[in-house]
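Have a look at the model first.

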Amino acid sequence: MAWDLRWRTCQDDSRKFSLQKRNVSLEAVIPSIEQGARFSQAAAALHEFKSLCVGTEEQCSSLYWLGRIEEAKLFRAQGQNEMAINLGIYISQKNKSNGETSDVYRLIGKWLAETRSSNSRTILEQYLKPAVSIAEDVKTPDKKAMERRCQTHFHLAHYTDALFRSHEERLNSNEWQSAMRLRKHKTVELEALIKRFRSSTKGEKTDYTMKIQELQKQLAMDKEEDQKLQDDRDNFLNLALGGYKHCLVIGDKYDVRVVFRIVSLWFSLSSRKHVVNSMLSTIDEVQSFKFIPLVYQIASRMGSSKDGQGPLNFQFALVSLVKKMAIDHPYHTVLQLLALANGDRIKDKQRSRNSFVVDMDKKHAAENLLNELSSYHGAIIQQMKQMVDIYIRLAEMETKKEDTNKRVTLPRDLRNLPVLELVPVVTATISIDRSCQYHDGTFPYFKGLADSVMIMNGINAPKVVECLGSDGCRYRQLAKSGNDDLRQDAVMEQFFGLVNTFLRNHQDTWRRRLGVRTYKVVPFTPSAGVLEWVNGTLPLGEYLLGSMRNGGAHGRYGVGDWSFIECREHMTKERDKSKAFQEVCEKFRPVMHFFFLERFLHPAEWFEKRLAYTRSVAASSMVGYIVGLGDRHSMNILIDQTTAEVVHIDLGVAFEQGLMLKTPERVPFRLTRDVIDGMGVTGVEGVFRRCCEKTLSVMQTNKEALLTIVEVFIHDPLYKWALSPLKALQRQKEMDVDLDASLEEPENQYEGNKDAARALLRVKQKLDGYEDGEMRSTHGQVQQLIQDAIDSERLCQMYPGWGA
């Protein structure tokens, strides 16, 4: 009866209503599949949709085939790969609508590649390349057609890129190198046989001829295989580079992944002529704003002598790209160039100790480009130079020891400053204008500095200053100069921002508002720069222990407990660290839960903030683990007093450099009893564990893109991958405010590439799920990490000033 009613509905004059109903049913399927695990809902919607379409395939064929495509997607989502692929092939044979056919070919090719159900030639020639051709034939400028073209180009490029990497790995493998040595040995053997053949008797010549012919055949076959492998590799690389370029030209959907991958390919293959030619073509056709996220890494590669000089080489292409970015987006590019041009601007005290390696080629390349840019943005560059000079003078301003934690009036030359109406406040966020038209009012400009600054505690006495913006706001900033290279912090903040992009794009992590709090870091010289002051925060250590580590929440609530100093001294002097740690735990009870009781008096707000804290600790712990972030003592983790989220600062010890410290850091992240105490009665169970798993899962899903990002950082010649022994010693001494930590850091030369390669390998292992040499599920990996982080045997071996 119901079927008959639907049949009549499709046949009568009110077909419009029927089509609308079909549309609703089809649209219900797509989110159900994408959200995952809601398969029964998707299957029910598809069943209803197919019932509506019975007998009307000719009248509404486009809709009908769309439904069948969704059915194939459902099979694939349920793991029924063969059924999905076979249904896709059936649809491709029956449906001749260009739009849908392109999608079908793309999906079949993608699924065959993912399941490795066919050879690369079939996947490329029968599915992915035809998908691109069909999509390109549809010349309509509508959004759907453009998205389809972008998608087909991306999947073709992504697959050929994977094939290129596979071929490159094979050509560089130990087995292939052994085969090459064997081939060389055979060639020498052949030459010896030919020599003997010429001087042999008539009877011996027959034997020699047979052996010579056999060797010649083997060598010919080996040479043919080698040549084919190299030709295929180059062909796949060209297809990948071309596909990525078209992807960037046509749409925005894959910008983050594609830009990082294409730049990584350029950097690693800079000596190959066809790569440079592709690079020049891409620079010419792609809008420059797409490369802004990597302006720091791209500009840092300028002037590198290993890339060679001359016309139309890698350096020429690189400078062309930076110049295009600077002309189109001066406010996102010129500061990086000024920092490179100031590469030798180091205080005499640091210069004499060889604290920083100065690359004069890089400095000269930046200066030359700035001179070229003066004809486009002369006034902007001039005012930016003035502002940079002001901040460097402020950061390097000498202070007295008694001025610590006090307000100090600035010298007259730093108070009477000109208004720089062409220069934005350095820590303000400036949106990228795709039309490259930065009109008045686009950003708050620099109006000067407040008359006094707060001198902070620390070896280099950083200054908290207020910058006056044209919008009437006062922007708090931290001007720093010293042994810490702010360029490393800038790179790590960049990484955190990209991880946040992936977390926002995933439904589960977006719904839980998982992410890592970031702040702006702007280096001006190797030793000086400005950081955005994170308003409304205080260090965890300051809340728990007080500013002098002799009070705080432990002093207020831990009546009868030992003080932090007593705990630290006990851990330092006792030989049996495990026993000493247990004694300290008994005499030093956690008090972090009082933070929420003190500040959030309404129960609903208390619950909401505790939840936000737990989620924030989970996300930052997982991201910190992946990048090997160390030196997480309680003064390097801030807590926002309004949102209760944590903010990590001082990011100079990353990529497991903490293991190189004099007392190695053997915990994956900070999960001490106080940190757990803030999570409530369930501790690490429930919310914390689930958020850890979700964050790690998203990073593992985006493993390829994250590894590409780390690869690009590896090619950043300014990033210091090795921690010098003296810097390692200084790091741990800085944890104790009452210890003399006035060590300077004589930075020795280091082999950056080896350190970088080791760092990349370790990141890859973590994203693959390897822990302690065993491969684990996401759940098992998180379980192991939490266990390691709270393991008393590991914690008792930490440096006492870390505050385990």
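**Labels and their cut-offs**

Tutor: In β10, Ile 639 is the bridge partner of Leu 538. This is a predicted model, where local features need pLDDT of at least 70, side-chain atom pairs count only at pLDDT 80 or more, and totals for chains, interfaces and linings use all residues. Residues are numbered from 1 along each chain as its sequence is written, and side-chain values use heavy atoms, leaving out hydrogens and water.

Student: What makes β9 and β10 a pair?

Tutor: Two strands pair if DSSP finds at least two bridges between them. Three bridges join β9 to β10 (residues 637–640), and the two run antiparallel, so they count as paired.

Student: Which strands are the edges of the sheet?

Tutor: The open sheet has the order β9-β10-β11, with antiparallel pairing. Its edge strands are β9 (537–539) and β11 (646–648), as each pairs on one side only.

Student: Why is α8 called oblique to α9?

Tutor: Helix α8 (residues 143–172) and helix α9 (residues 174–199) pack at about 50°, their axes 5 Å apart. Angles under 35 degrees are roughly parallel, over 145 roughly antiparallel, 65 to 115 roughly perpendicular, and the rest oblique. Therefore α8 is oblique to α9.

Student: Which residues of α8 and α9 meet?

Tutor: Contact means heavy atoms within 4.5 Å. Arg 170, Leu 171 and Asn 172 in α8 meet Asn 174, Trp 176 and Gln 177 in α9.

Student: How helical is the "coiled-coil region" that UniProt lists?

Tutor: The unreviewed UniProt entry gives residues 205–232 for it, and that span is 100% helix and 0% strand.

Note on methods: Helices (H or I, at least four residues) and strands (E, at least two) are DSSP runs, numbered from the N terminus. UniProt positions are given in the numbering used here, feature names are shortened, and annotations may be inferred rather than shown by experiment. Axes are lines fitted to C-alpha atoms, for helices over the stretch in contact, and angles run from 0 to 180 degrees between N-to-C directions.
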